[in-house]
Amino acid sequence: MTTNIAPSKSAPIARLTAGLLCLFTCGALILQSSISVGWTMRDGMGLADSLWRLTGYFTILTNSLIAISMGMIATSSKGPKVFPNHALAALTFYITTMGLIYHLLLSGGRNLSGLTLIGDLGVHYVVPALTLVWWLSFADKDEVKFGHAAIWLAWPLLYTSAALLRGRFENWYPYFFLNVDKYGLAQIGLNVLGLGLGFFIMGLLFVFLAKALSRAAAKPR
């Protein structure tokens, strides 16, 4: 796989593929959201409350960030340069780590089929994989530093804080590892620390990968 194409030649392709990724992500989000809203409404929840509940999922929010960002790249004359290089790395890191956490902690024991399976695969596997491929192919990897691995923790920490605060008032937690009512504050604190450490390690790996690809691209050919 080519990891860095000359900007003058790659910008139109980067914008086109970003647009396609934006459209795919929007489609996957609409499908998955429709299925989730259908489930909650069958359980007696109203439409407005069902839509509000969607905003509690890290998957939905992070996929939305990808859709918005790729849409901005596709419609800007700057292409990928509409964002700093480290921001594109952060977006890729977030969506990839989200998919990995889902696969390791949340996907077990689920018997999905039909459109439910397609929606699940779309937001949890296909969008992360396509975003990673896009970043590897079109995004510049310089300017990404090891300190960014710590800065990148801001988004998952912000999400976790909001989810715990929301759970306190709404008596609902989007993921079992955040359920204070079931496991207690001490256990959830350990869970959050473990997840934070996992995010930080993944961030370091992403920085290492970015630096390695940047050095490889800088070598004369």
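**Rings and charges in a predicted model**

Author: K141 holds its charged end over the ring of W135, 5.2 Å from the ring centre. This is a predicted model, where local features need pLDDT of at least 70, side-chain atom pairs count only at pLDDT 80 or more, and totals for chains, interfaces and linings use all residues. Residues are numbered from 1 along each chain as its sequence is written, and side-chain values use heavy atoms, with hydrogens and water left out.

Reader: What makes K141 count as sitting over the ring of W135?

Author: NZ of Lys or CZ of Arg has to be within 6 Å of the ring centre and within 35 degrees of the ring normal. At 5.2 Å, K141 qualifies. So does R166 over the face of W52, at 4.1 Å.

Reader: Why is the pair of F58 and Y159 called edge-to-face?

Author: Phe, Tyr and Trp rings (for Trp, the six-membered one) pair if their centres lie within 6.5 Å; planes under 30 degrees apart are stacked, over 60 edge-to-face, the rest tilted. F58 and Y159 are 5.1 Å apart centre to centre with 65 degrees between planes, so edge-to-face it is.

Reader: Which rings join F58 and Y159 in a cluster?

Author: F93, Y94, W135, W152, W155, F199 and F206.

Reader: Are F58 and Y159 buried or exposed?

Author: Both are buried (under 20% relative accessible area with a 1.4 Å probe, protein chains only; exposed is over 50%, partly exposed in between).
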